[in-house]
Every structure is written in C-alpha cells, then in structure tokens.
Amino acid sequence: MTTLTPQERQDTLSTPTASTAGYPMKRLAQFYIVTGFIALFVGVMIGPLQALNYADVNLYNLPILRNIIKSYYQGLTLHGVLNALVFTQFFISGWMFYMPMRDLKVTPNMKFAWGTYIAMTLGVLIAAVPLLTNKASVLYTFYPPLQGSPLFYIGAALMVACSLLVGGQVVFEWFKWKRAHPKQITPLITYMSVATWMMWILASLGLVAEALILLIPWSLGLVSGIDPLIARTLFWWTGHPIVYFWLLPAYISWYGFMPRQAGGRLASDPLTRLAFAMFLLVSVPVGLHHQYSDPNISGNMKTIHMLLTFMVAVPSLLTAFSVTASLEDGARQRGGGGLVGWIRYLPWKNASFTAQVLAMISFIFGGAGGIVNASAVLDSVVRNTAWIPGHFHITVGTATTLSFMGIALWFIPHLTGKKLFAPKLALFSVWAWFWGMMIFAVGMHWQGLLGVSRRAQISAMAQNIYDNAHVPQVITGISGVVLLVASLAFFTTLFGTLLSKTVSDGEDVKIPWSEAISTHEDSKMARRLEALPALWLAAFVLVGLTYGPVLIPMILGRNLVPGYTNLW
Amino acid sequence: MLDHDKLQNAENIWLGVAVVMCVLLFTGVVASFLSGTFPLVSGGHASGIASTRVDPKNLAVTPFAKPGLRQEGTENELFMVAKVFSFDPAFVRVPAGVSINMHITSADVMHGFYIQGSNINLQIVPGQVTTLRYTFKYPGTYNVICNEYCGIGHHNMVTRFVVTPPTK
C-alpha cells in the first residue's frame, strides 16, 4: 500500500487527470459556494432588525421597511431560512463535493452534478416566491397547522432532495473507488465526507417524509387535515441531526486542513475516523430532546434519546482534543513553547485560520450550552426562550458559519484564480463577527434565563412583562450593530474578490492537505472503520429502534386537524 | 513537536474523561427525575401528560367547554384553552400549597405555555391535551406566556396566574 505525502499528492494532482486548472469540479463548486453566500448576505442583512427587536427597538414599523418586509415574523422567516437552510446546504454541497472528488482524484458525472445544482437553485427560487410575498411566514420550523403556500413546501423539498443527489454522487464515487482499490484505506478527507453524507441521507428522511406525505398534499388541499404531532416529530428527526450536517463539514476543515494552515500536523488520523464513525452512528436518533414537553410521547423514549444526545458529545470532545493538539504541534514547529505560550505563535494574521480558531472557541460555549439543552431537567427552564437563539448563533451562526467564511477566504481564490481582496479587512471582519456573536450570545442567554420568549416581537408588546431584562436587551442591541459592521466588511472582501480579475488558474493557492502524526498505516482501527456501509446500516437500525416506538402509536392514534393560512 | 506515543496516551485519558462526564450528566438527570426536582419517571408534574386526544373544532363536548379551575372529588382540575392570541380563561386564581392538575389544549395552531421564571414550559398541540400536576409554593402574580410562534399577534398572547396565600 502506498501513501502519498501531501506534497506528492499535490504533484500527482498537477498531472492533467481530474485535476488542476481544467478540473471541471472547480466551476461547479464555485457556483454552489457563491450562491450560498448570496443567500447568507440577504439573510444577515435582516439579522440586525431581529437583534434590535430584542433590544426593544422596533424598526419593522418604518414605512420604508414595511414596503419590503410586512412583519417581524416574515423577516424572521427569511433570516432563518436563508442563513440556516439555504446558505449551509449550498456551501456544503460545494465544499463536501469538491474535496472528496479531488481527494480521490476522480471526476464525477458532471452533467448530473450540474443538473442537481440547477434543480437545487430552482427549489430555492420556487420557495422564495411565497417567502417574499408573505405567503409562508411560518418560520423555518413551519410547524403545522400553520399552513404556508404549497410553493414553499415544494421548493424546500426540492432543495433538500437535491442535497441527497449530491451526497449520493459522493457515496457512489467512493464505492467505485473502493472497488478499484480494494486493499487501500480511504483517504481521510473522503472518509469524513462520505460518513457525513451517509449520516445526512438517513437524517433527511424525516423531513422528506413530512414534506411529501404530509405537508405538500395538505397544502394543496388534497387532504383536509394534518396531525401536527406527527409532523413535528418527523421534523425533529431531521431537525436535530441537521446541526451535525452543518457542523461536520467545518470539522473536516478543522481536522483535515487547519493543521497545515497552522504549520503542523493532524494529531491522529485513526482517531479522526473514529469520531466521524461515531457521528454516523448516533447523530440521528436524538430528535426527541426537542420534544421533552410534548404530550403523548413516551417518557422512556424521551430518556433514551437524551442518553444518545449526550453520547454525541463524546466525538465532539475528541475533536476538541485532537484539533487543539494539532494547533499546538504547528505552533511549536513555528518556534512557540511553554504551557500556553505557544498560542501566540499561531498564524493570527491569516484571516482564514483565525476565523476558524475563533469558530472553535465559540463552539466551546455553544457545545456546553447544547448539553444544557439536551438535559430534560434544564431544558424545561430554557425551552423556547431567548436562550435558544443565543445558543444556535454561537453554534451554527459561528462555529459553522465563521468556519465556512474562513474556508471561503482560501477556497474561493483556489476555485476562481482570483486574489483575495483586502485581506486585512477580512481579518477585521472575522474578529468582528466573533465578538458580535459572543456579545449576542451573552445578551440572549441572559434574556432567556429571565424568561424572555424566543421568536416574539417583544418590541411591539402591548404589556411590559420583561422589565427585568433591560441590561441584556441593551447588550443584544449592541451586538446587532457589531454584526452589521462585521458582515459589511466580510462581504466587501468576498464580493471584492469575486469581482476582481482572474490572475491564475487558482492552483497557486494550494489545498492545505495535512499530514498526520499518527497515520492510518498499520492502524487496525482505521481498517475496521472502513466498514462504513455496515455502520450506516447499524445507524438505520438504531433509528428504527428509537423512532419506531414513537411514531407507530402516533400514526395509529393520528388526529387530523385543519390548517390556518391567514394568521400572519 | 509532539510525538505519537505521548499524544495517544493523553488521547485515551481524554476519551475516558469525556465518556465519564457524559455518563455522570445522564445519571444526574435521572437522579433529578427520581428525586422529584423534575419528576418525569415517577409521579409529579411531567408524568401526568396523558394520552388524551380531542377534536379542536368540537371542544364543546369535552371538559374544555367550560375552561377554568374546579374541584372534582378531592382533585383540583384546571382546564385551559389556548387560541390565537389569548388563553381562556384570561385570568386564573389558584391557591398556593394545593396540588393542581392542569390540562391544556389548543383550539387552532401550536402554542406554548410557559410560566415565567419557572420550569413549567409546555408544548400545546391542537388535538392533544397536555397535562401536568403542579403545586404552586409561593403566592404572587405570574406571567404565563405563549412561547411557540402562532401568528402575527403571538407576542401579545400573555395571561396571568394569581397564586393566593394558602387557606389554613
């Protein structure tokens, strides 16, 4: 068995096969990434309005705004759908498609790949019509019996279904590669990508079933009612593991590329595989921890889902160890020393690197808060309060989004052959994003503990019941302004780069493939963990065991109720 | 430079610590169920979530026809209906120190039922009844907030519980 060092890998990639300048995946990945960032741009521009609402400042009454966005809830729906669903999925479909293909040195069927991109974009455009015309202001959880326009459900379902085609193509190419290289261990980046796609394909089934069986026929008027509890349960089947679908692509960069960016090596290749195998196994059967307070769901099943949720913390804790070790390795190679003194020797002037380290730091707090939410006892205090948006803005909003922003700072120049515009502004923007989100998190967690509700236009309340929350409200308001500045700075860099001239084929911006201190050579664990299809099957069985006893009684005792289309 | 053996050793210790931490967390929550701080498993406020279903269009034939607090035998039963954008009854007076069975349902869409500053925080689903048993310990006025998005007037869906001193 031969293993190439990253440099040799680079060199083999310089031969014309499936690589370099003419690599057709480049343009496709660029389209996915840029479409994602356009969605993020629109989404984050609405964000400060939400933050100011939680500072008791209501800008939604401004006539100039009212002509565009009818209500706080329409703005919130757009903000959530564009940032959390559209941006993430498009970025991931570019990133976690390009990287494994390049890692395996293969070119997938490009006609199929472009067809998927076009259909996914069409899905967004279809869903955009009701979203922009206030016909689907049902927030990104769209709990029935609130009933949006059928176009919203059809567009969203098409978009999500296309992500399965991307994932399917990656898994298919990996199977082909395995058949051609039966004795070899899958390269690490591909391993992480395939495990994540397999997890997502299983995870998405809940949402796919909710959309195809329940929401679309009901919104088209083909059936008269819907069972809101079944719909909500299917939603959370997908709704929780989707956060791992957002997080793991960032982990791929933290494990696979950041060590090289820091000048060091990945701590352990086999342990990285173990973490991803664990995610594949236990990411999905955890959704009931969003439904601790729902009636008519067995308490024992809720407790089992809670245990499994705690178990998903283990691979994340492994990641914290491993990634920090590789950064330390890099810093020591760059001349750093001491117990913590090495931290100063990290490449802090590199905005791409810094963004991702800050994303990691935010996730220490985000992950800890997540464990609070997962615990049934503490969840009852923070459930549906402002604590929750506080939590997910330092997880998906920072750990994921700031990592993706950081990745884009080298990935877009690599894909397009354009030079990064205003690198110093980029560095400023990622620090500002980090601090903005940290301040936001303080304000929102604090408001949540005082009982302030999430998703409520508290700046327009008829009665004043949050008199005790003025301090955290001010903090939240400040964060909105900081984040607006951060976003404008970041998108100046991003669009500045895209609008600049192409100066090369992009290959001068090398992919930072990392070496490992402990490699997968002679690793029994790495060899055993090659059995991804078996792990995938085990994950299906586990989901059957943990969701069967929940869904079957619900379906047998279903109770259909009519929909409501005119409440917003 | 870090070397392989040293790292692997530290990794294994860390993996052990991570697993122990997660097990302890789980044990802690289960201990809380058993001790009654949040009694999900044996008795108490979350255990009584009953498997009751109703037709939200025909609440008139259910106990929800006349929402409010009433005594049935030795039990205090409180029936409440959440609907856009208010609770019925709009105002509830309950005595402290008395165990109350609360039954809440929705006449239309999803709602929340959250007693500000407490851990009574429930999902109200049309067609289903959310039931819990609770004893208010301290007299006072409590805001009860709908904390599940239900439409344009969602933020104004607030009611009050007035807990009166126990009658001795």
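Ala, Val, Leu, Ile, Met, Phe, Trp, Tyr, Cys and Pro are counted here as nonpolar, Asp, Glu, Lys and Arg as charged, and the others, Gly among them, as polar. The model is predicted, so that local features need pLDDT of at least 70 and side-chain atom pairs count only at pLDDT 80 or more, whereas totals for chains, interfaces and linings use all residues. Residues are numbered from 1 along each chain as its sequence is written, chains are lettered from A in the order in which they are written, and side-chain values use heavy atoms, with hydrogens and water left out.

**View 1. The second largest cavity, lined by residues of chains A and B.** A cavity is a set of points, on a 1 Å grid over the protein atoms alone, where a 1.4 Å probe fits but cannot get out; lining residues have an atom within 4 Å of a point. By class, the lining has 8 nonpolar, 3 polar and no charged residues.

**View 2. Packing of helices α4 and α9 of chain A.** Helices are DSSP runs (H or I, at least four residues) and strands likewise (E, at least two), numbered from the N terminus. Helix α4 (residues 72-104) packs on helix α9 (residues 241-256) at about 40°, with the axes 10 Å apart; axes are lines fitted to C-alpha atoms over the stretch in contact, and angles run from 0 to 180 degrees between N-to-C directions. The two helices are therefore oblique, since angles under 35 degrees count as roughly parallel, over 145 as roughly antiparallel, 65 to 115 as roughly perpendicular and the rest as oblique. Residues in contact (heavy atoms within 4.5 Å) include A:Trp95 and A:Met96 of α4 and A:Phe245 and A:Trp246 of α9. This contact comprises 10 nonpolar, 3 polar and no charged residues.

**View 3. Packing of helices α17 and α18 of chain A.** Helix α17 (residues 423-449) and helix α18 (residues 470-499) pack at about 155°, with their axes 7 Å apart. These helices are therefore roughly antiparallel. Their contact has 20 nonpolar, 10 polar and no charged residues.

View 4. The peptide bond from A:Pro144 to A:Pro145 is cis, with omega near 10°. In chain B, a cis bond joins B:Val84 and B:Phe85, with omega about -10°.

How values were computed
On a 1 Å grid over the protein atoms alone, a cavity is a set of points where a 1.4 Å probe fits but cannot get out, and a pocket is an open set with protein on both sides within 12 Å along at least five of seven lines; lining residues have an atom within 4 Å of a point.
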